[in-house]
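This report is for a reader who meets the structure here for the first time. Please look over the sequence and the model before reading on.

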Amino acid sequence: RACLGTNNVDHCARLCHASTVAGLAAAFGSGAMTNSIGEISGADAIFVIGSNTTENHPVIALQVKEALKRGAKLIVADPRRTELAQLADVFVQHMPGSDIALMNGMMNVILEKGLYDKEFVLTRTENFEALKKCVSTYTPERVSEITGGPAEKIVEAAVEYAKAGAASIIYSMGITQHACGTDNVLTSANLAMLTGNLGKPHVGVNPLRGQNNVQGACDMGALPNGYSGYQTVTNPDIRAKFEKAWGRTLPGNIGLTVTESINAAYDGKLKAIYIMGENPMVSDPDLNHVKAALEKLEFLVVQDIFLTETAKLAATSFAEEDGTFTNTERRVQLLKPAVKGPGEARSDWKIICDIAGRMGYEMKYDSTAEIMEEVASLTPIYGGITHDRLPGDGLQWPCPSKDHPGTPYLHKGKFSRGLGLFSAIEHIPPVEVPDEEYPLALTTGRMLYHFHTGSMSRRSKGLHAHKPEGYIEIHPDTAEELGIVDGEKVKVSSRRGQIEVKAMVTPRPAPGVVFMPFHFAEAAANVLTNAALDPKSKIPEFKACAVKVEKLACKCSCQEVAGASCED
Ligand SMILES: Nc1nc2c(c(=O)[nH]1)N[C@H]1C(S)=C(S)[C@@H](COP(=O)(O)OP(=O)(O)OC[C@H]3O[C@@H](n4cnc5c(=O)[nH]c(N)nc54)[C@H](O)[C@@H]3O)O[C@H]1N2
Ligand SMILES: Nc1nc2c(c(=O)[nH]1)N[C@H]1C(S)=C(S)[C@@H](COP(=O)(O)OP(=O)(O)OC[C@H]3O[C@@H](n4cnc5c(=O)[nH]c(N)nc54)[C@H](O)[C@@H]3O)O[C@H]1N2
Ligand SMILES: [Mo]
């Protein structure tokens, strides 16, 4: 159910992938994974940056392992020593939020050593001189100072990536969930273009999307600036096309993103929110602020399959799925309900149609196949997709016509925007960096055994029994400085709130860096995180803020820290 059910309209789009949509569209003209999952195993080098692939995309991680068996080189950049980091030929452990500097450093080395693809740069790209000038100051020594990664590792990473015949970049939330997320994405696009790793098999810039259907949600226009297929609301011709099809005048202004809506609710400018299939009371940054915002609403509807932390602030209804999901490699796949919904549970699409009807706009569809016909008629990249073509392997967009076989990899011979655009991007530190008061860098994410806010996975007895509670990963040196031992409960605080959670003393993070999974509502990482937004994509900075970790005060009246001398 967990993998079939989640609907997640704008949320994952906004909280994970808006930087990708904005960044890759600016560089290439199309904001999606450039190549296909099945091509990864054929790469000669794979650069994994900000993706804990074995825990979060285990099936795709098998492709990486397959490539390694064939002798491919693996380069990993992550603030934590993940499983792939342990398998890597080169592992760069850098500080959260220092990815631009790291990749600029790699490009500096590639240019210095003449390892770039001159032909590709000349014929397929523009703005190369600006890039060259920008990265010229990012010497390995300077980059080492900014990132904390050793200079020789940065050189090795650059050389291994550049000299491979076909090199693939895989990234995920470690790249996108920053106030500089879009710039991180643009920088990874620079790196791939500089080395000619686009427009052919086994290469590319490959953002691993989070939810089963987040690609589909973005494709269907569940973003505040576009209709389906990334057709913008501000373009009058496109608007006229949709107005004709839907028989209504449509607004030409860009709406609010999820994160902006919460702020607007807090300011009293937004009166009602309809939340479908997401649990922002655990998953949004700065939860104390989110709660205050939702409580100010006059009307809140939550459409979920469970009574979640968010739904407790409103009413619930239930749903069942049927239609299509579009996965991370742009593959549109047919979906049939795996189980019959309980009691009076109904499909999300039927609920939406009924609500539209009661609000005065009749939406009469007999089936999801009929909805797909409308999508195809209005959306060029889905133009040739109908349900009857989908059984089996589905189709990868762009698929513009009924006889088109779909597109396994993008940008062959020409980028969607014409020439690939290099951008000169300078290193931007996280909005909040460690200081005397909050000396540790907190980064957050996930683990294999739980899914997001746990509303589904924590209801599974087996998973819950195996991983019943949250934790904070702390390096042994940092733990020793703080007098903290493995398994002890500690207090973690930031400028926004505090929580109590178990310490896991482990060499996974670097000294000075701590990590928390965000799955556990009772020790919610998002009480601590910073709601600072990327100005370009509006993604919040989930991956970097400053915290302090302290021993808990003793529960009795002795005033000592817990475990110090008190016998109680
Ligand atoms: N088991 C499980 N699988 C899931 C999910 C789940 O909840 N549970 N969620 C799904 C969803 S929606 C998503 S979006 C994906 C997310 O998949 P991932 O992006 O792989 O997941 P995260 O754990 O958020 O972060 C990935 C890595 O980024 C690293 N990182 C942190 N800060 C930085 C940084 O500043 N720079 C770099 N380079 N790396 C950094 C972290 O140490 C971590 O190893 O997973 C999907 N798969
Ligand atoms: N600190 C920190 N916070 C993060 C992240 C991070 O890395 N660090 N990652 C962010 C990311 S990438 C994501 S994607 C978000 C995820 O955040 P959310 O999307 O809020 O988390 P989920 O727990 O997946 O919530 C999905 C909800 O949908 C319900 N549901 C399941 N199936 C259906 C259905 O068929 N219909 C309906 N109506 N409801 C259904 C589930 O019961 C669940 O309550 O979290 C973000 N928050
Ligand atoms: Mo996500």
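Which residue lies over the face of Tyr138? Arg142 does, at 4.4 Å from the ring centre. Likewise, the charged end of Lys296 sits over the ring of Tyr266, 4.1 Å from its centre. A charge counts as sitting over a ring if NZ of Lys or CZ of Arg is within 6 Å of the ring centre and within 35 degrees of the ring normal.

The model is predicted: local features need pLDDT of at least 70, side-chain atom pairs count only at pLDDT 80 or more, and totals for chains, interfaces and linings use all residues. Residues are numbered from 1 along each chain as its sequence is written, chains are lettered from A and ligands numbered from 1 in the order in which they are written, and side-chain values use heavy atoms, with hydrogens and water left out.

**Aromatic rings**

Across the whole structure, a search finds nine aromatic pairs. Rings of Phe, Tyr and Trp (its six-membered ring) pair if their centres lie within 6.5 Å. Phe28, Phe120 and Phe415 are linked into a cluster by ring pairs.

**Ligand 1**

Around ligand 1 there are 34 residues, and the closest are Asp78, Gly97, Asp99, Arg446 and His450. A residue counts here if one of its heavy atoms lies within 4 Å of the ligand.

| Residue | Atom of ligand 1 | Distance |
|---|---|---|
| Gly174 | nitrogen | 3.2 Å |
| Leu448 | nitrogen | 3.0 Å |
| His452 | oxygen | 2.9 Å |

Taken alone, ligand 1 exposes 910 Å², and the protein buries 97% of that; the areas come from the Shrake-Rupley method with a 1.4 Å probe. The elements that give two or more residues to the shell around ligand 1 are α2 (10-28), α3 (53-56), α11 (173-176) and β17 (440-445). Helices (H or I, at least four residues) and strands (E, at least two) are DSSP runs, numbered from the N terminus.

Helix α12 covers residues 181-194 and has 14 residues. From its first C-alpha to its last it reaches 20 Å, close to the 20 Å expected at 1.5 Å a residue. In α12, 14 of 14 residues are buried, that is, under 20% relative accessible area. Just after α12, Gly196 takes a positive phi of about 65°.

His475 is found in the loop between β18 (471-474) and α21 (476-482). His475 is buried because its relative accessible area is 14%. Its side chain reaches the backbone nitrogen of Asp477 at 3.0 Å.

How values were computed
The expected span of a helix is 1.5 Å times one less than its number of residues. Buried means under 20% relative accessible area, exposed over 50%, partly exposed in between (1.4 Å probe, protein chains only). Rings of Phe, Tyr and Trp (its six-membered ring) pair if their centres lie within 6.5 Å; planes under 30 degrees apart count as stacked, over 60 as edge-to-face and the rest as tilted. A polar contact is a pair of N or O atoms within 3.5 Å; within protein, one must be able to donate a hydrogen and the other to accept it, and residues adjacent in sequence count only if both atoms are side-chain atoms.
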